[in-house]
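Please have the sequence and the 3D view open as you go.

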Amino acid sequence: MTVLDDINAGVREDLEARRRLVSLAELKDLTSAAAPARDAWAALGGNSASREQLKVIAEIKRRSPSKGDLASITDPAALAVQYADGGASVISVLTEQRRFNGSLADLDAVRASVDIPLLRKDFTLDEYQIWEARAHGADMVLLIVAALSDAQLQEFSALSTELGMNVLVETHTPEEIERAVAAEARIIGVNVRNLKTLDVDRSVFASLAGSIPASAVIVAESGVRGVDDVTHYAAHGANAILVGEALVSDATPRERIAEFTAAGAEAIAARV
């Protein structure tokens with residue numbers, strides 16, 4: 001069993017526990033009462049012809065399977081405000097509880113504190129989770145190609161769009177990029193962390209990003225330690241970066257986001 005398989009097994013168990021507490025019908029009612037989703041596509045520069053600024057998806061992440069505990073984050077709302085003040089375009093909130101110590105309560109707290117788009121970062125395996133995300137104020141969901149069939153990828157993308165949300169479609173290989181493109185994904189992430197082994201290989205981004213259509217927003221995921229990594233990703237085609245560990249472990253995340261944004265803009269200017 002791979003690490004991804006093990007994570008997904010736990011996600012399914014926790015999902016069933018939540019489903020026993022809140023029915024799908026109840027979630028749909030909550031979704032109907034929720035404020036409209038914010039436009040994450042526009043926030044990430046999707047409508048911009050030049051995309052001169054590197055966008056930052058700043059992640060609220062307490063722990064990871066590869067590194068263990070990263071930060072206690074007793075007040076995710078306060079951290080989210082620092083992210084927004086630093087210029088983050090989207091805030092990612094991990095809600096998986098077993099391996100990442102996240103929760104929907106974190107998503108609720110962050111939603112109440114900031115007015116920029118939120119990504120519910122989780123392992124989406126069932127339509128229930130998509131309704132759940134929207135009911136809790138998410139504007140964007142993550143779909144991991146490696147965890148889904150083509151039919152699920154199409155179905156979950158369509159439902160997310162129907163609910164007004166955007167989708168970050170995560171890939172790791174050329175074949176997964178082909179599948180994401182076939183599913184008409186508009187925001188495609190390249191995760192340089194192998195979800196089967198948890199190994200990080202930053203060179204993967206440069207080898208894969210060129211095969212993603214220029215019309216898509218290209219997101220570099222994982223492996224950001226500092227400015228050099230940001231510059232590398234931006235120079236090789238990233239329109240956005242998703243950063244967690246480097247921000248939650250930093251005493252000044254607001255300043256770090258601004259630094260990453262500036263370095264990314266310089267690298268993008270150099271490649272144009």
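R19 is partly exposed, with 27% relative accessible area (buried means under 20%, exposed over 50%, partly exposed in between, with a 1.4 Å probe and protein chains only). This is a predicted model, in which local features need pLDDT of at least 70 and side-chain atom pairs pLDDT 80 or more, while totals for chains, interfaces and linings use all residues. Residues are numbered from 1 along each chain as its sequence is written, and side-chain values use heavy atoms, without hydrogens and water.

**Salt bridges**
- A salt bridge puts a side-chain nitrogen of Lys or Arg within 4 Å of a carboxyl oxygen of Asp or Glu, and by this rule there are 23.
- R19 pairs with E16 in this way, their closest N and O atoms being 3.0 Å apart.
- The two, R19 and E16, are three residues apart in helix α1, or about one helical turn (helices are DSSP runs of H or I with at least four residues, numbered from the N terminus).
- E16 is partly exposed too, at 35%.
- D122 and R120 form a salt bridge with closest N and O atoms 3.4 Å apart; D122 is buried at 5%, and R120 is buried at 3%.
- A network of salt bridges links R38, R111, D115, R134 and D139.

**Helix packing**
- Helix α1 (residues 3–21) packs against helix α6 (residues 127–135) at about 60°, the axes being 11 Å apart (axes are lines fitted to C-alpha atoms over the stretch in contact, and angles run from 0 to 180 degrees between N-to-C directions).
- R19 of α1 takes part in this contact, as does E132 of α6 (contact means heavy atoms within 4.5 Å).
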